[in-house]
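Start with the charges, then turn to the rings.

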Amino acid sequence: MDLRQFLMCLSLCTAFALSKPTEKKDRVHHEPQLSDKVHDDAQSFDYDHDAFLGAEEAKTFDQLTPEESKERLGKIVSKIDGDKDGFVTVDELKDWIKFAQKRWIYEDVERQWKGHDLNEDGLVSWEEYKNATYGYFLDDPDPDDGFNYKQMMVRDERRFKMADKDGDLIATKEEFTAFLHPEEYDYMKDIVVQETMEDIDKNADGFIDLEEYIGWQAYEGGDCRQV
């Protein structure tokens, strides 16, 4: 497969791997755009370049010589080739594009994992997370800033229990990822809706009235987010 054929294949896989249903679902956060460039292969493959590498990583390639770029791409292709047969399949390419666009999530999980797996057993229990996150504030129930950390802890515990599929209050890395980024997991959608309702429903009557909705929109800067 020559370079142009590879880029054409990449373009098709980009469109397929990242397509989504058109209906909007729950409001949580912004998905990062694949690229701010025009997706027109007749002009260039810059959009696919961003999708393949991730927009931030693609910027570093702009600083490389053609030889350096080719060498680094060769290393990336070896990572994409999951079965190590010397060929990149369409499925392998789709999986890589998905990974490249979600890299920030994996990096966030890795960073937080190191700070919460206190006994370094490859798992994070609720007690570990609670102590690492709230230990100081539990010792001082009336912090100077007046923030209700106990209320936040209750909310975190509820989300942790939902992410913890086997109910042992000990999270694997996959469960911990669902806890930190519930918008990425179908089985966490109910907690996303519940937390969103609680954020908007200021009088806690179980309904969102027009005033609450407008107030939330103003606070969010008019940002209707979706999963």
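A salt bridge here is a side-chain nitrogen of Lys or Arg within 4 Å of a carboxyl oxygen of Asp or Glu. The structure holds 12 of them. The model is predicted, so local features need pLDDT of at least 70, side-chain atom pairs count only at pLDDT 80 or more, and totals for chains, interfaces and linings use all residues. Residues are numbered from 1 along each chain as its sequence is written, and side-chain values use heavy atoms, with hydrogens and water left out.

Side chains of opposite charge can pair when their charged atoms come close. Take Lys75 and Glu71. Their closest N and O atoms are 4.0 Å apart. Both residues sit in helix H4 (residues 66-80), four residues apart, which means about one helical turn separates them. Helices are DSSP runs (H or I, at least four residues), numbered from the N terminus. Lys75 is exposed, at 53% relative accessible area. The classes are buried (under 20%), exposed (over 50%) and partly exposed (in between), with a 1.4 Å probe and protein chains only.

Now look at Arg158 and Glu198. Their salt bridge spans 2.8 Å from N to O. Arg158 is partly exposed at 26%. Glu198 is partly exposed too, at 36%.

Lys189 and Asp186 also meet in a salt bridge, at 3.3 Å from N to O. Elsewhere, shared partners join Arg155, Arg158, Arg159, Glu195, Glu198 and Asp199 into one salt-bridge network.

Next come the rings. Rings of Phe, Tyr and Trp (its six-membered ring) pair if their centres lie within 6.5 Å; planes under 30 degrees apart are stacked, over 60 edge-to-face, and the rest tilted. The count comes to eight aromatic pairs. Tyr185 and Tyr187 form an edge-to-face pair, with 6.2 Å between centres and 80 degrees between planes. Tyr185 is buried at 16%, and Tyr187 is partly exposed at 29%. One aromatic cluster holds Trp113, Trp126, Tyr129, Phe160, Phe176 and Phe179.

Charges and rings also meet. A charge sits over a ring if NZ of Lys or CZ of Arg is within 6 Å of the ring centre and within 35 degrees of the ring normal. Arg159 lies over the face of Phe179, 5.9 Å from the ring centre. Lys165 lies over Tyr187, at 4.4 Å.

Key: Helices (H or I, at least four residues) and strands (E, at least two) are DSSP runs, numbered from the N terminus.
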